Structures are given as C-alpha cells and as structure tokens.
Amino acid sequence: MNVRNIGILAHVDAGKTTLTERILFTTGATYKSGRVDDGNTVTDFDPQERDRGITIFAAAVSCDWNDHRLNLIDTPGHVDFSDEVERSLRVLDGAVAVFDGVAGVEPQSEAVWRKADHYQVPRIAFVNKLDRAGADLDAAVASIRDKLDVTPLVVQVPVGREGGFSGVIDLVDQPPPTVAAARRLLEEEVASRHPGALEELDDMSDATLRSALRDLTSKGEAVVVLCGSAYRDIGVEQLLDAVVDYLPAPTGDPGGDLAALVFKRRERLTYLRVYDGTMTKGDTVWDAGAGRTERISRILRVQADRHTDIDRAVAGDIVAVAGVKAAKAGTTLSTRQHPVLLEAPQAAEPLVSVAVEARTRAEAQRLPGALAALVEEDPSLTVRTDAETGQTLLSGLGELHLEVAVEKLRQATGLAVTTGAPQVAFRETVVAGVTGLVYRHVKQDGGAGQFAHVVLDVEPLGGTGFEFVSAVTGGRVPAEYVRAVEAGCREALAGGPLGGHPVVGLRVTLTDGQTHVKDSSEMAFRAAGRFGLRAALRAATLELLEPVAEVTVSAPTDALGAVLGDLAARRGQVTDSGVRAVTAIVPLAELFGYATRLRSRTHGRGTFTSRPAGYRPAA
C-alpha cells in the first residue's frame, strides 16, 4: 500500500481539528465525526485539550483512501506549542496548511509555514470556512501570495458565497465549460513554471496538468490551493484526492540498515519515524548519540489515544514503541553495526518562567523527579534552580504553555504544587567590547599541573547569535586546544554579569596564547576559555534584553482608541493600524493577563494573536 505522511498545520481556530475529524469520518476510520465544542474529537483527547477547546499536543492518526495509507499528525495552532509543530514537521513528507477563509494568513499560520520551509516539507493549502460571513477565496489567496511569498495555484472554484456556499468545482479533472476561463488561467500559470506543461499549453491534458502540479509542489516552487468548509463537509474528499495526487510518498528502503528518528515521548511510549530498514518487535537497537542499546518490546499503530499492536514497522512508517527507556525527541535509533545520526529538531529557547514549589516536605522530595519526567516529554520546557533565591524555575514558551505543563504535573503525579507570577527570560548582550584581554589559567596541586594562556577579543555581533573565531598563527595554540577554548567560552555564555542571564549577540576572537610542554591540556584551555570570557564580559559594556512579541489586536472601530492607549501603556510600538485591527511590538512581560484586559476594554468584542518577535533593550 502506498503511504503519505502528512501534517495538518494552521493558526489556532482555522479548523485543523475539525478537518481531521472529517477526514477520519470520510475515509471510514470513524463512524461519527466529533466536534471541538462537544469535546469528543479523536485527536484532542487530552482532558486539558477538551476543557480548553484547543489542540495542545500533536496527535497521530491513520486512515486509508484510494489504496493509500494516510498517516496524519494534527498539530497545535497556538504559538505556545510551536515546538510540537516543529518536532512533527521533522518527520513528515508533506503537509496541508489550513487557512481561515475570512482571516487568510494569520500570524501563527505564517510561523508554521516558515518552519515547513526550513524542513523543506512540500505543502498544499486548504482555504477553510468559506461558508462564513466575510469569507473570500480571492482575498485569502492574495494573502497567501503576499505574506508567504509563494505562488498559489488555485485548482478549484467555489459554488456560492458565504452562507450560500454549497460546493466546489475542480479545475483539473474534466472541468465543465462554465469554468473554462479559470482552467485556462491555471494552465497558463503552471506552464510559466513547468517546461513539460509549457509544451502542451495549446492543448493541455488533465494528466499533464496533474503531473506538473505534483512536480511544482514537491520542489516547493508553488502551492496548490483547494477550498471548502470542513464543518459542512464540503471539499474534504477533493482534499484527500489532492493529498494522494500532489504530496510525495516517503522514500527509504525497507531492506536497508535501520534508521529511525524519535520525535515525541508521551506516557511511556516513544513515537518515531522509520526512514530506512525494518524494525521488528523484540529487536535490540542502538542509540549512537548516547552510546547505548534499547529494546523494542512492542510496536504500535497509533490512532490518537488508541493503539494496535503490530509485529514490525518498515521504512516510511510512523509508529509508537514501548520498552525504550532513555531515548528522547531527536534520538536516532539504528543498528550497532551501522550507526546513524539523523538531524534532530531544534527546541526553541524558553521565554517565560515560573517558580514551582511543593507544599510539603514529602512532596518536595518527589518534585525533582516529576519535573524531570515533564521535561523528558516536552523538550521545550527547562528546569533550573535560581542561584539567588534557591527557587525551582520551570521555563517554557509562554504563559499558556506553563499553565498546561503545571496542570499536567498536578494531574499526573497528584502533587499539590504552587506557582509564582510568571517572569520573562531576559538576555544580556555586548554593546561595547574589549580587546586583548589576557587570561592565564595556572594551577598546581601536587600532581600534574594545569597551564593555559589565552588572549581574547570580544565585540558586538548583533542579534542573538554567537561566533567564535581563532586568529592564532604559528601554531601557538594547537587546534585541539582552540576547540577547548571555544567550548569553555560557550559555557561562560550561560550567565552574564548583569544578572546571570544568558549572553547573546557577540563574537569572541582568540588572538594569541601560550602552552606549557607538560601542564597544558584540553581541560586547562577549556577552563581558560570559560574564566577568560567571564572576565572579558565584566570588562565589556553589556545591556539587558527582554523578549518582545508581535501582537495583532482585532476590535470594533469604536474600541480601537482604547486598544491603542492600552498598548502604549504597555510600552507597545504600533507598526500597523487599520480600520478594525492594530499590530504592535510589545514586551512579552506586558502581555501577562492581556486577554482579560482586552475583553474589558472592548466589552468582550476584542481578540488578539501574538508571536515571538525576538528581543530588544529592556526599558
């Protein structure tokens, strides 16, 4: 059976989960289509998802359509759970990007689109909710073209508008004469980008058009656009056909050496994608990154929270396995004879922290283990101890992310933990550097000594990156010691002199150094790099950075004045103001509790969306 591994991507409330429900019902995978409002959808099975009415955790389901197995991952749309999307994209071969027919491209739909660009995941687009008042396919397509900088190829014409929307007409498979002009425009658009289609421009067959659309999609040179209403079950079958026709099948050799990538851990199950080879129940596999073996005791076909045992998984399969003890998201499993390391998804840096405390001494002893288990399932969470207060800090991507994590901690362990007020994650950056800082690391304690001499330049780099450069000549510092200096410098970035916050936006140049014939070692030069950079940062001029977010507020015209005044009070910088919407860059710390304040200012009629927008100097 042919396979398609696809994700459903979108901004929150664009209709991803409803579309997934309709797909499962249409393909016969379920006997009844669930509704988000009723809390009975297949993929939003977690109690918090049903209580909050949003997708929080990426959920995998499978169904069959036209002799193809479709492995679908329904991903979250809220910005606080974008890491779930990133880990899913890493193991997908294609995706369906869902857009609201009224709003078009929204902030988070743009953000997940860029992540799909990074992983080179081919996509098709589905403009949803065309039955809503104000829905406009042309406007939505224009926003796809303008905001995502892609070429949309519209392959359907809607029948009716808004409340009168009743169906779609396909432009590829023998369209009726009534849409001949639209078909011709599609042919010309495709022919301008595909040599094979250009050769048949005068009389293009359906097969040639379909083949050209598939090629352009797989190469990322255009995006096929379909439309419909998932809620009213319009356009769903045509979308399934498009998934089969235009999105690529997985590559890989079931008879080759095993290569599988872990992308998720949840409740003792490890979710992975098999890229090559075959994994069989009972196999012992190799984690090359950690240098240890793992045993596959069970292999499970996943249907959200339900699982079916299978004997093996082959190249192209997305499955869950039991028995794996230590592998985490990003781990590659292979054979010991042919070890492999696949590119792991990168976890986003946390932006918000809360202090977490247990109420009793007995619970305090259990808290570290419970937090470690939480972080193991969600790598975008981190736990650390505040050096000044001694408090345990849980950090994540946003206020909602941390609320969900803490509630999950309580539900899973029964711990009655309390949390403090949320705090943003500050950074420190260099605004004026130092040149020629000399640091000598000399240590004698009776045994072998340590000696390392380094000379460092530190300068501003801009942004939030870090660069290390060696300008040492004449072999005065051997290459292995240079690498040790860099490792030590990276360790020093963990805490800056202003407040112990991570240091970003700098370039460090190793300009000179000295070694000792007996006492120099990689350990000594690593220490010199660490302590030397700390000394350089104390001598340099640094400033504090705070995270900011791009906020788009929609509100009635008569409430926009109040919205603008409130944003100004929150140190917001307006970047765009329209008749019913305002976009501003606002410090993340000022957005805690903003939803409640906005409802009050607009008498319940205002809404907002936000996405991370980097850092700027703290006021």
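The largest cavity has a volume of about 180 Å³, where a cavity is a set of points, on a 1 Å grid over the protein atoms alone, at which a 1.4 Å probe fits but cannot get out, and where a volume is the space filled by probe spheres set on the points, grid points being joined across faces, edges and corners. The structure is a predicted model, in which local features need pLDDT of at least 70 and side-chain atom pairs count only at pLDDT 80 or more, while totals for chains, interfaces and linings use all residues. Residues are numbered from 1 along each chain as its sequence is written, and side-chain values use heavy atoms, with hydrogens and water left out.

The lining of the largest cavity comprises 20 residues, and Phe57, Glu84, Asp378, His401 and Lys408 are the closest to its centre; lining residues are those with an atom within 4 Å of a point. Two or more residues of this lining are given by each of helix H3 (82-89), strand E10 (259-266), helix H10 (361-377) and helix H11 (399-413), the elements being DSSP runs numbered from the N terminus, with helices (H or I) of at least four residues and strands (E) of at least two. H11 provides the largest share of the lining of the largest cavity, namely four residues. By class, the lining of the largest cavity divides into ten charged, eight nonpolar and two polar residues, where Ala, Val, Leu, Ile, Met, Phe, Trp, Tyr, Cys and Pro count as nonpolar, Asp, Glu, Lys and Arg as charged, and the others, Gly among them, as polar.

In total, the structure holds five cavities of 30 Å³ or more. The second largest cavity has a volume of about 110 Å³ and is lined by 16 residues, with Ala58, Ala59, Ala60, Lys264 and Tyr271 lying nearest its centre. At least two residues of the lining of the second largest cavity are supplied by each of strand E2 (59-65) and E10, and E10 gives the most, with three residues. Ten nonpolar, four charged and two polar residues make up the lining of the second largest cavity.

Open space was treated separately, a pocket being an open set of points with protein on both sides within 12 Å along at least five of seven lines. About 1,100 Å³ of space lies in the second largest pocket, which is lined by 39 residues, with Arg384, Arg427, Gly500, His501 and Pro502 nearest its centre. Strand E20 (352-357), strand E21 (382-385), strand E22 (392-396), strand E24 (423-424) and strand E29 (503-504) each contribute at least two residues to the lining of the second largest pocket, and the largest share, four residues, comes from E21. The classes in the lining of the second largest pocket are 19 nonpolar, 14 polar and six charged residues.

Among individual residues, Asp309 is placed in strand E16 (residues 306-310) and is partly exposed, with a relative accessible area of 43%; buried means under 20% relative accessible area, exposed over 50%, and partly exposed in between (1.4 Å probe, protein chains only). When residues up to four places away in sequence are not counted, Asp309 touches Arg298, Ile299 and Leu300, contact meaning heavy atoms within 4.5 Å. The C-alpha atoms of Asp309 and Arg298, which are eleven residues apart along the chain, are separated by 7.0 Å, and the side chains of Asp309 and Arg298 make a polar contact (2.8 Å). A polar contact is a pair of N or O atoms within 3.5 Å; within protein, one must be able to donate a hydrogen and the other to accept it, and residues adjacent in sequence count only if both atoms are side-chain atoms.

Glu110, located in helix H4 (residues 107-118), counts as buried at 17% relative accessibility. Leaving aside neighbours within four places in sequence, Glu110 is in contact with Val105, Lys147, Leu148 and Arg611.

Cys63 is buried at 5% relative accessibility, and Cys227 is buried with a relative accessible area of 1%. The structure holds zero disulfides, a disulfide being a pair of cysteine sulfur atoms within 2.5 Å.

Most residues other than glycine have a negative phi. Asn66, which is not a glycine, has a positive phi of about 50 degrees; Asn66 occupies the loop between E2 and strand E3 (68-74) and is partly exposed at 48% relative accessibility. Glu162 likewise has a positive phi, near 50 degrees, and is found in the loop between strand E7 (156-159) and strand E8 (167-170), where Glu162 is partly exposed with a relative accessible area of 30%.
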